[in-house]
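Here is my note on this entry. Please read the points with the model open.

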Amino acid sequence: MKINAPKGTQDILPEQALIWQWVEKQVREVFRVYNYGEVRTPIFEHTELFARGIGETTDIVEKEMYTFLDQGGRSITLRPEGTASVVRAFLEHNLAAKTGVTKLFYFGPMFRQEKPQAGRFRQFHQFGVEVLGENSPLIDAEVIAMATEIYRRLGLDALEVRLNSVGCPVCRANYRQALLDHLTPRSGELCASCQRRLVQNPLRVLDCKSPVCQGITAEAPQLDQYLCEDCASHFAAVRRYLDAMGVVYMIDSRLVRGLDYYTKTVFEVVYQGLGAQNAVCGGGRYDGLVQQCGGPPTPGIGFAAGVERLIITLEKQGKLPELSGAPQVYLSVLGDAPKLKAFEIAQNLRAQGIRTELEYAGRSLKAQMKTADKLNAALVLILGEDELARETIVLRNMKKGEQREVPWRELVTVIQEELG
RNA sequence: GUGGGCGUAGCUCAGUUGGUCAGUAGCGCCAGGUUGUGGCCCUGGAGGUCAUGGGUUCGAGUCCCAUCGCUCACCCCA
């Protein structure tokens, strides 16, 4: 029986991997200039971390986690997101003591047991940042600007930044009550899922796609009218800074993200061309999370961006870069006698940093040339018995279709010239 | 977890109302047309239990059911 990759997972083959490497390089460069340090946390954690950090009643914790008992009977969970782990590491190593503000980024796989669809996988990859210990709205604006900078750098356009504020626990509670007062009398008209949301997380009714529910919530009180003075002025400052930096965004008062820990600023970057799963990046402020994870009161803000969705967007926009995995040199060998010498030459070229492929099987020259052509090798070297006797090798420039015989000792220099 | 669509060679797919239907198809792969030379062209070749298991029928890739897989959407999210 043939074994396939588990549902919702995928192999990234060499050709695709070039794109991944390129994306990762660009992303890392942005993080570098913004002075973020990388943190690599385990991909599994004690289940309790996510339960407490993300929120017991979120969909992620309730039904999407890969959880199992290890040999010692401890409950372990494959991380469904990055923030909880980063906060855990931040506290565990007391990073707050090292600098006033801690700016971290991560890049790696996440796991959620959902039914796969376009742009959604069970193992998917995110990069993201977390800033811990900074209250200033300036950092909110910087984090959002940095996210847009990444997409700009990758050449993407037509992305939209959606921005909102969900307030703090105090003003959100007030709003929640006001919303309940408005919705409860009309609960019978809401769609089935919203009737459930009304009990579990009323704010989520706001971003229901059902026209009926949208109609009802259109007349509902607006969250921004309930923000307390601190939250309102923070939100205003964030917008002011974004305006000043020239970041284009739209206020989306229905934007209420699904994770419990968000406070004040929330935002998403979406690309409409992606279908139902159109968010390429989501984040916000989480001023209560560190404390909830057992640390001192510490403000935090961050975002997470999906790599698969980013690459799909690149594809849809035709922005994939031209990347080559071709060898620079293909070394053809004719007959048995030159084999060892050919291997020596190949090893020498590799030591010089020249990407070199070697014929292993001893096929006909024609077959070897075809392979070299297929691999898109820039140069082909041919070593047969004649060349072996003369201590030379034939060097063929595949693009020009020209070739000449080169003494072994000049080979590296000549190749470097040919490769430009 | 719920619903829709799909499942024929490595890939992209033909395959007519069930009766040589298993394709001379394209690309790819291998070999040959050159004794030591690619891209174009020509010739030949390998490769499929038509996802799997039942059923209907004289007869099923073609109809029905189930299972599995893929896919899209809902839920939710990156």
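1. Four elements each give at least two residues to the lining of the second largest pocket: α2 (47-54), α6 (169-183), β9 (263-270) and α10 (289-292). Helices (H or I, at least four residues) and strands (E, at least two) are DSSP runs, numbered from the N terminus. The largest share, 4 residues, comes from α6.

2. The model is predicted: local features need pLDDT of at least 70, side-chain atom pairs count only at pLDDT 80 or more, and totals for chains, interfaces and linings use all residues. Residues are numbered from 1 along each chain as its sequence is written, chains are lettered from A and ligands numbered from 1 in the order in which they are written, and side-chain values use heavy atoms, with hydrogens and water left out.

3. The second largest pocket holds about 470 Å³ of space. A pocket here is an open set of points on a 1 Å grid over the protein atoms alone, where a 1.4 Å probe fits, with protein on both sides within 12 Å along at least five of seven lines; lining residues have an atom within 4 Å of a point. The volume is the space filled by probe spheres set on the points, which are joined across faces, edges and corners.

4. The lining of this pocket counts 25 residues. R172, L259, D260, Y261 and Y262 lie nearest the centre.

5. Check two backbone angles. N35 has a positive phi, near 65°, and sits in the loop between α1 (14-33) and β1 (37-38). E391 also has a positive phi, near 55°, in the loop between α14 (385-390) and β15 (392-397). Most residues other than glycine have a negative phi.
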